[in-house]
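Trainee: I have a new model open and would like to learn how to read it. Could we go through it together?

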Amino acid sequence: MRLAAATTLAATTLAVPEVAQAAPFTVDSPPTPDAALKELLDGNVRFIRGRLRHPDQRPSRIAEVAKGQHPFAVILGCADSRVAPEIVFDQGLGDLFVVRVAGNIASDDVFGSIEFAVEEFGTPLVTVLGHQRCGAVTATLNAMDKGSTVPAHIDSLVAAIKPVVAEVGTVTGDRVDTVVRENAIHVAHQLMDESEILKEKIESGKLKIVDARYNLDDGRVDLLDTAGHSH
Ligand SMILES: [Zn+2]
């Protein structure tokens, strides 16, 4: 990863530096949660401006990460083909520990995967990434509206999102988008509240969990419930 320490979001409107120096992220010297978040958001700015650096994608990086990985962020994202984290955050091999499941829901396996990364690699940031017009959210709303069921295992996705729809209640405006946002916030809070490992890391300042939404129309990632991340 390249931590562009001197680059602020505002500064990237003028120029994206060609070379960004940073001490390599090791398990003994992980970036702070805030530095990791800045790196993600800076990468997203490069992506939407078409100023990609494609960091950590050279052939030499293969051998480098073969020895071990130190991902600086965990992304819990949707399986949707249009929201590939390494692409939308302009990152490379070994940078992101990505868990993808339709609707970015938190099943036991998802909890286990995230706890593993945080515990094993000292990864300082977890981002729950929902996205505009999510099919899993749309399917849940449709099934609830019609009182119908969805086929086979798709039901497990719907079952996970239903409580969020119930929490949201009546919505004026874009229901899918409201549930997309609330679902990402809900899942981030689930991770904060229901995992002893994650809770302990948050309390010691070594981890932040944030929720965000990817905008399909322009590629932008916006943070949602920023008050929630230090919990
Ligand atoms: Zn989706």
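This is a predicted model: local features need pLDDT of at least 70, side-chain atom pairs count only at pLDDT 80 or more; totals for chains, interfaces and linings use all residues.

Trainee: What about the backbone of A152, what is its phi?

Mentor: Here is the general idea: most residues other than glycine have a negative phi, and most peptide bonds are trans. A152 has a positive phi of about 45°, although it is not a glycine. You'll find A152 in the loop between α5 (135–146) and α6 (154–168). D56 also has a positive phi, near 55°, and is not glycine either. D56 sits in the loop between α1 and α2, but it is buried, with a relative accessible area of 9%.

Trainee: How many helices and strands does the chain have?

Mentor: Eight helices and five strands. Both are DSSP runs numbered from the N terminus: helices are H or I with at least four residues, strands are E with at least two. Starting at the N terminus, the order is α-α-β-α-β-α-β-α-α-α-α-β-β. Of the 231 residues in the chain, 47% are buried.

Trainee: What span should helix α1 have?

Mentor: The expected span of a helix is 1.5 Å times one less than its number of residues. Helix α1 (residues 33–49) has 17 residues, so it should span 24 Å, and the 25 Å between its end C-alpha atoms agrees with that. Just after α1, G50 takes a positive phi of about 70°.

Trainee: Which residues of α1 are buried?

Mentor: Among them are P33, A36, L37, L40, L41 and V45. As a rule, an α-helix has 3.6 residues a turn, so residues three or four places apart point the same way. The cover over the buried residues of α1 includes β1 (73–77), β3 (125–131) and β4 (208–214).

Trainee: Which residues hold the zinc ion as donors?

Mentor: Donors are N, O and S atoms within 2.8 Å of the metal (3.2 Å for Na, K and Ca); water is not among the atoms, so sites may look incomplete. The protein donors here are C78 (SG), H131 (NE2) and C134 (SG), at 2.0 to 2.3 Å from the zinc ion. Their spacing in sequence is C-x52-H-x2-C. Since C78 is in the loop between β1 and α3 and H131 is in strand β3, the pair ties together parts that are 53 residues apart in sequence. C78 counts as buried at 6% relative accessibility, and H131 does too, at 1%.

Trainee: Which contacts in the chain join residues at least 24 apart?

Mentor: A contact means heavy atoms within 4.5 Å. Among contacts between residues at least 6 apart in sequence, 72% join residues at least 24 apart. For a pair to look at, take E64 and L93: they are 29 residues apart along the chain, and their C-alpha atoms are separated by 9.4 Å. E64 lies in helix α2 (residues 59–66) and counts as partly exposed, at 43% relative accessibility.

Key:
Residues are numbered from 1 along each chain as its sequence is written. Side-chain values use heavy atoms; hydrogens and water are left out. Buried means under 20% relative accessible area, exposed over 50%, partly exposed in between (1.4 Å probe, protein chains only).
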